[in-house]
Amino acid sequence: MKEITLFYRSDCPYCHQAFQMIDELREEHPELAAVPIRRIEERREAALADQYDYWYVPSLFLGDQKLHEGVPTRDKIEQALRAAL
């Protein structure tokens with residue numbers, strides 16, 4: 001199982017939606033609860049965030065592969081989590 005890297009901003013409403021979707025999906029699908037997620041606040045860790053290719057948050061990566069960027073949907077978030085299984 002691989003780790004998901006999630007870039008967010010603390011003042012981003014879409015990021016908070018993504019967090020909620022992740023929590024709901026993990027409750028509904030216990031296998032997704034095992035997926036490790038590294039949450040990185042892009043302003044606090046700007047040097048690290050600059051190493052990745054994205055413009056919008058939330059952005060989810062599996063290694064260097066971008067799985068999602070921007071306004072989240074449950075389907076896209078679930079697909080990203082399942083990619084890490």
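This is a predicted model: local features need pLDDT of at least 70, side-chain atom pairs count only at pLDDT 80 or more; totals for chains, interfaces and linings use all residues.
**Overall architecture**

The protein chain contains three helices and four strands. Read from the N terminus, these elements follow the order β-α-β-α-β-β-α. The C-alpha trace extends about 35 × 25 × 15 Å along its principal axes. The radius of gyration of the protein chain is 12 Å, which agrees with the value near 12 Å that a compact globule of 85 residues would have.

Of the 85 residues in the chain, 40% are buried. Where contacts join residues at least 6 apart in sequence, 65% of them link residues at least 24 apart. The protein chain exposes about 5,100 Å², and carbon and sulfur atoms supply 46% of that area. Its charged side chains comprise 11 positive and 16 negative ones, and the centres of the two sets lie 1 Å apart.

In soluble globular proteins, nonpolar side chains tend to be buried together. In this model, the largest nonpolar core has 26 residues, and the members that touch the most other members are Ile 4, Phe 7, Ile 77 and Leu 81. Two or more residues each are given to this core by strand 1 (4-8), helix 1 (13-28), strand 2, helix 2, strand 3 (59-62) and helix 3 (74-83). Helix 1 makes the largest contribution to this core, with six residues.

Which residues does Leu 81 touch, when residues up to four places away in sequence are not counted? They are Leu 25, Leu 32, Val 35 and Ile 37.

**Residues around helix 2**

Glu 42 is placed in the loop between strand 2 (37-41) and helix 2 (46-49). Is Glu 42 buried or exposed? With a relative accessibility of 19%, Glu 42 counts as buried, because the cut-off for that class is under 20%. Leaving out residues up to four places away in sequence, Glu 42 touches Tyr 8, Arg 9, Ala 49, Tyr 54 and Val 57.

Ala 49, one of these partners of Glu 42, lies in helix 2. Ala 49 also counts as buried, at 6% relative accessibility. Apart from its neighbours within four places in sequence, Ala 49 is in contact with Phe 7, Glu 42 and Tyr 54. Phe 7 and Ala 49 are 42 residues apart along the chain, and their C-alpha atoms are separated by 7.4 Å.

Ala 47 is likewise found in helix 2, but Ala 47 is exposed, with a relative accessible area of 59%. Between the C-alpha atoms of Ala 47 and Pro 13, 34 residues apart along the chain, the separation is 23 Å.

The peptide bond from Val 57 to Pro 58 is cis, with omega near -5°. Val 57 is also among the residues that Glu 42 touches.

Lys 66 has its place in strand 4 (residues 65-69). Lys 66 is partly exposed, its relative accessible area being 34%. Setting aside residues up to four places away in sequence, Lys 66 touches Asp 53, Tyr 54, Leu 60 and Phe 61. Tyr 54 is also listed among the contacts of Glu 42 and of Ala 49. From Lys 66 to Ile 4, a stretch of 62 residues along the chain, the C-alpha atoms are separated by 9.9 Å.

**C-alpha separations**

The pairs discussed above are collected here.

| Residue pair | Separation along the chain | C-alpha separation |
|---|---|---|
| Ala 49 and Phe 7 | 42 residues | 7.4 Å |
| Lys 66 and Ile 4 | 62 residues | 9.9 Å |
| Ala 47 and Pro 13 | 34 residues | 23 Å |

Two residues in this table, Ile 4 and Phe 7, belong to the largest nonpolar core and are among the members that touch the most others.

Terms used:
Residues are numbered from 1 along each chain as its sequence is written. Side-chain values use heavy atoms; hydrogens and water are left out. The radius of gyration is taken over C-alpha atoms; the globule rule is 2.2 Å times the number of residues to the power 0.38. Buried means under 20% relative accessible area, exposed over 50%, partly exposed in between (1.4 Å probe, protein chains only). Contact means heavy atoms within 4.5 Å. Accessible areas come from the Shrake-Rupley method with a 1.4 Å probe; for residues, only the protein chains shown count as cover. Lys and Arg count as positive and Asp and Glu as negative; His and the chain ends are not counted. The place of a charge is taken as NZ of Lys, CZ of Arg, CG of Asp or CD of Glu. A nonpolar core is a set of buried Ala, Val, Leu, Ile, Met, Phe, Trp, Tyr and Cys residues joined through side-chain atoms within 4.5 Å.
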